[in-house]
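Here is a short tour of one protein chain for someone new to reading structures.

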Amino acid sequence: MKQWIVVGVFVFIVLVLTGSIFALSNDKKALKETIERKNGELEALTLKNEELSAVTGLQVTGEEVAFVEKAFRVYLNYDNDSYVTRFNELSSFVELDVLNKLKGASSLSPPVVAMKNEVEDVQIYLNPKEPHTFLVYTTTNYFLDGALVNHGSQLYEVQVLKEQEQFILGEFKVIGNMTEVDGV
């Protein structure tokens, strides 16, 4: 009788070990598949990261782009009352020499006739070859005595610097003015 109990326990232990080995084998296979899948995902992410890192100058923030847009809206949205005073607000967006150049291109007194310049659109494009350098395409409407006299676009190149944890425009170049021609 004892012999049958020993054989029974032995068979039970063999069955438990066989079952455990089978379960571990399945777990090992599942883990191996998971590791292979994760390695594939990691390789894909590594390639994506290398691709993104390969392009220099693209490390800009939305905050930097919003700064550029706000600077252009301050500079190009004006009327008789804000024609001269806009430069006071603009001084917190541009370096002093840039501000002086922009002031020099404008009259020191507001126009006599009722006028208004409004920004319709600001499109900002990153120059991938120059870090923190943007091409800015603006569309404006210019009114005299309440009548639209010019709907035009301008192209600028600006470079954003960071001084004392604040953005500032260090370069400001007017590339050109463009007038829309119907039918072309």
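E165 is exposed, with a relative accessible area of 68%, because anything over 50% counts as exposed. Keep in mind that you are looking at a predicted model. You can find E165 in the loop between β4 and β5, and β5 covers residues 166–179. The backbone of E165 has a positive phi of about 65°, although E165 is not a glycine. Why is that worth a second look? Most residues other than glycine have a negative phi.

D145 also has a positive phi, near 50°, and is a residue other than glycine. D145 sits in the loop between β3 (133–144) and β4. With a relative accessible area of 59%, D145 is exposed.

**Into strand β4**

Now step into strand β4, which runs over residues 147–163 and holds S153. Is S153 buried or exposed? S153 counts as buried, at 1% relative accessibility, because the limit for buried is under 20%. Which partners does its side chain have? The side chain of S153 makes a polar contact of 3.1 Å with the side chain of Y137. Another polar contact, of 3.4 Å, links the side chains of S153 and T139.

**The two sides of helix α4**

Next, turn to helix α4, made of residues 96–104, where V98, L99 and L102 are buried. These three cover an arc of only 100° around the axis, which means that they lie on the same side of α4.

Let us zoom in on L102, a member of helix α4. L102 counts as buried, with 7% relative accessibility. What does L102 touch, leaving out residues up to four places away in sequence? Its contacts are Y75, F87, L90 and F172.

**Just past the helix**

S106 is in the loop between α4 and β2, where β2 covers residues 115–126. S106 is buried, with a relative accessible area of 15%. Neighbours within four places in sequence aside, S106 is in contact with Y83, R86 and F87.

Finally, look at helix α1, residues 2–54, where V9 is found. V9 is partly exposed, with a relative accessible area of 44%. V9 belongs to a nonpolar patch on the surface, formed together with M1, I5, F12, I13, V16, L17 and I21. Together these residues have about 840 Å² of accessible area.

Here are the residues we visited one by one, for a quick look back.

| Residue | Relative accessible area | Class |
|---|---|---|
| S153 | 1% | buried |
| L102 | 7% | buried |
| S106 | 15% | buried |
| V9 | 44% | partly exposed |
| D145 | 59% | exposed |
| E165 | 68% | exposed |

How values were computed: Residues numbered from 1 in each chain as written. Predicted model: local features only at pLDDT ≥ 70, side-chain atom pairs only at ≥ 80, totals over all residues. Heavy atoms only, no water. Buried < 20%, exposed > 50% of the residue type's maximum accessible area, 1.4 Å probe, protein only. Helix = DSSP H or I, 4+ residues; strand = E, 2+ residues; numbered from the N terminus. Arc of directions from axis to C-beta. Patch = residues over 30% accessible without salt bridge, like charges linked within 9 Å, V, L, I, M, F, W, Y side chains within 5 Å. Areas by Shrake-Rupley, 256 points an atom, 1.4 Å probe, with all protein chains shown as cover. Salt bridge = Lys/Arg side-chain N within 4 Å of Asp/Glu carboxyl O. Polar contact = N/O pair within 3.5 Å; in protein donor to acceptor, adjacent residues only side chain to side chain. Contact = heavy atoms within 4.5 Å.
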